[in-house]
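Please keep the structure in view while going through them.

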Amino acid sequence: MYTVPLPRIGTDLAWRDAAKRLIGAGVSPEDILWDFDNEMGELFAIDTPLPPVTRRIKAPQSFVEMADWVVWHKDPQRFARLYALLWRLRHQPGLMQDRADADLAKLRQMEKGVHRCKHKMKAFVRFRDLRQGGARRSFAAWFEPTHHTVEPTAPFFARRFADMDWMIATPDVTAQFIDGNLTFHPGQPKPDLPEDATEALWGTYFCNIFNPARLKVSAMTSEMPKKYWKNLPEARHIHDLIAGAEAKVQEMRDAAPTLPPERVAKIKRQLRGED
Amino acid sequence: MSRLDLSQKLAILSDAARYDASCASSGTTRRDSRDGKGLGSTEGSGICHAYAPDGRCISLLKILMTNFCIYDCAYCVNRVSSNVQRARFSPDEVVQLTIEFYRRNYIEGLFLSSGIIQSPDKTMEDMLRIAKRLREVENFRGYIHLKTIPDAAPELIEEAGLYADRLSINVELPTDQSVQAYAPEKNPATIRKAMGDVKARKDVAGERSYTGKRGKRFVPAGQSTQMIVGADGSTDATILGQSTMLYGDYKLKRVYYSAFSPIPDATAKLPLIKPPLAREHRLYQADWLLRFYGFGVDEITAARPDGNLDLDIDPKLAWALQNRALFPVNVNRASKEMLLRVPGFGTRTVGRILSTRRYRSLRYDDLLRMGASLKKAQAFITAHDWTPGGLTDSVNLRARFAPPPEQLSLF
Ligand code: SF4
């Protein structure tokens with residue numbers, strides 16, 4: 001029996017290393033307990049050192065890539081499910097192409113969940129200016145991801161916002177980017193971030209780019225689910241926009257056509273080259 | 001008139017920009033700012049940073065440089081004869097808004113268009129100044145989409161292509177006659193020429209010279225256009241025929257369809273109808289079938305004698321119902337081309353079917369797990385444990401999919 005401790009930060013590498021050793025030594029899935037971030041406590045702590053890397057087992061590249069996503073899922077069974085599939089792959093090398101296998105389908109679905117969460121994080125993190133002066137500007141955001149996606153997503157922000165310092169704080173893991181160095185720290189409660197006047201301008205944009213004649217609320221909520229709204233500054237306007245849409249459109253319809261402004265005649269003459 | 005502050009200008013100039021459907025920010029070159037000397041990145045697929053209650057993606061800061069315009073296009077809120085409030089951003093204001101929004105992760109970049117002020121060249125020059133400043137002074141590496149002014153000098157349009165990821169020129173309406181009727185100052189031939197110039201310039205940029213060097217980057221995300229649907233009397237067959245020509249002759253990346261929707265201070269020429277959103281949706285579906293599923297325009301529009309798409313069911317289903325003799329198809333043996341024509345099968349499902357059937361004979365439940373919509377597909381396929389029996393040819397098949405007729409009530 002093995003209990004494998006897996007850290008909250010660096011989960012992917014730790015899982016991959018352990019899985020390599022265990023599968024190489026032929027340890028079957030029933031003999032492994034995966035312990036994420038000490039959640040099991042002392043009770044199950046069996047201190048059996050992991051087997052050394054002896055034999056290297058070949059796993060399909062598509063499995064390795066899928067595992068790199070699935071390890072960040074919030075399902076406590078994720079590590080066991082991955083290992084069980086790896087175990088089956090030893091004798092069923094074509095398994096990864098079988099889109100109808102139930103175990104694989106479940107893992108693919110989890111992979112999709114992490115994909116989506118990562119995508120939403122890229123979309124919905126909202127930085128506030130910390131106005132700290134200094135050579136580099138600094139920004140900070142509070143975000144609540146569904147899965148453990150801060151670590152795999154932070155490099156995206158590092159590639160995009162490389163000329164500024166930033167922090168993305170979450171209850172799970174906090175990422176910091178200072179002077180070009182990306183580091184990860186334990187999660188934290190929501191910090192008090194200073195007000196940022198640009199949020200009001202963003203709200204103005206959000207309200208005015210919306211076309212009240214095309215109200216389609218479900219299309220919005222399917223892509224921007226309500227659970228994200230509390231951390232999106234623009235979301236506070238949604239209620240009023242929906243409530244006022246009908247009236248706005250009616251107002252446009254009711255308005256009688258107006259007479260063109262006086263300058264029109266002159267401009268049209270110019271356009272025809274008569275002036 | 002009192003001076004407008006930045007927030008008021010933003011309100012006016014985003015309000016004026018919302019009738020442009022495009023907000024795409026995908027398909028350009030991969031860039032990042034890891035060197036620490038600039039801001040921004042583009043990585044293949046763009047990101048929708050928010051959704052408005054109209055269900056549309058907000059990916060870019062989509063604004064007009066100014067909504068003053070000397071033209072008089074009947075469908076447009078900015079036309080010279082309208083009494084809407086006018087505003088104009090300074091180049092610096094546009095640059096600052098873009099950068100500050102980008103730094104807070106609100107947007108992927110800028111989509112800038114403009115009413116025509118003084119002259120087409122002058123307008124285009126001002127837009128260029130903004131794009132150039134973003135790239136060269138701010139070192140901005142995010143996405144830039146410029147709506148070009150077709151009547152501007154070709155050199156200006158060419159220069160725009162060096163800074164922008166995408167250029168667009170709107171054809172506005174599906175036929176030349178409609179453009180003449182509703183956008184009298186615009187010339188369809190000039191619009192096509194401008195699109196042709198951009199295509200030719202992009203072709204050159206893609207070729208290697210004799211030294212093996214590639215030409216300068218030129219609109220890597222290509223060009224797109226927009227057609228307004230429902231303002232004139234064009235049929236869907238006319239519209240889709242026009243799109244096919246645009247995709248073919250000008251290699252456009254996207255044709256956007258924009259349901260004509262009520263605008264403030266509308267002209268008496270165009271009645272303010274409810275925007276034909278269902279029609280717009282069916283056109284996008286048909287457009288998809290043309291580009292990715294191997295359908296031809298005549299096939300898609302043959303179902304109805306009036307040349308319009310069936311609003312109650314999607315165009316692929318409508319085609320299948322008309323061509324039942326070709327069904328059911330066997331998912332374990334049919335060609336890729338035929339699988340793509342099965343209602344309820346997307347390109348991804350078809351890919352999965354092709355890869356999995358090498359290992360086993362597919363059953364009904366397997367298809368479900370692959371993400372096929374069997375509610376639609378089941379009448380048109382056979383699988384290892386499934387045949388549709390008489391379903392394929394049953395007379396009430398269409399009724400199973402079309403929404404029931406609206407209940408009548410006494411009044
Ligand atoms: S040129 Fe026509 S469509 Fe463009 S802003 Fe002016 S009036 Fe509107």
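In what order do the 6 strands of the open sheet of chain B stand, and is their pairing parallel or antiparallel? The points below take up this matter first; the model is predicted.

1. The sheet. In chain B, the strands follow one another in the order S3-S4-S5-S6-S7-S8, and they pair in parallel fashion, forming an open sheet. Its edges are strand S3 (60–64) and strand S8 (254–259) of chain B, each of which has a pairing on one side only. From one strand to the next, the twist averages 20°.

2. One pair within the sheet. Strand S6 (residues 166–168) of chain B runs parallel to strand S7 (residues 223–229) of chain B, and 2 bridges join them. Here B:Leu167 has B:Gln223 of S7(B) opposite to it.

3. A helix on the sheet. Helix H8 (residues 277–292) of chain B packs on this sheet and touches S7 and S8 of chain B. The direction of H8 makes about 165° with that of S8(B).

4. Two helices in chain A. Helix H1 (residues 11–24) and helix H2 (residues 61–70) of chain A pack with their axes 9 Å apart, at an angle of about 135°. H1(A) is therefore oblique to H2(A). Their crossing is right-handed.

5. The helix contact. H1(A) contributes A:Asp12, A:Trp15 and A:Arg16, while H2(A) contributes A:Phe63, A:Val64, A:Ala67 and A:Asp68. Of the residues in this contact, 4 are nonpolar and 3 are charged, with no polar ones.

Methods:
Residues numbered from 1 in each chain as written. Chains lettered and ligands numbered in written order. Predicted model: local features only at pLDDT ≥ 70, side-chain atom pairs only at ≥ 80, totals over all residues. Heavy atoms only, no water. Axes fitted to C-alpha atoms, helices over the stretch in contact; angles between N-to-C directions. Helix = DSSP H or I, 4+ residues; strand = E, 2+ residues; numbered from the N terminus. Parallel < 35°, antiparallel > 145°, perpendicular 65-115°, else oblique. Left-handed = near helix turned anticlockwise from the far one by under 90°. Contact = heavy atoms within 4.5 Å. Nonpolar A, V, L, I, M, F, W, Y, C, P; charged D, E, K, R; others polar. Pairing = 2+ DSSP bridges.
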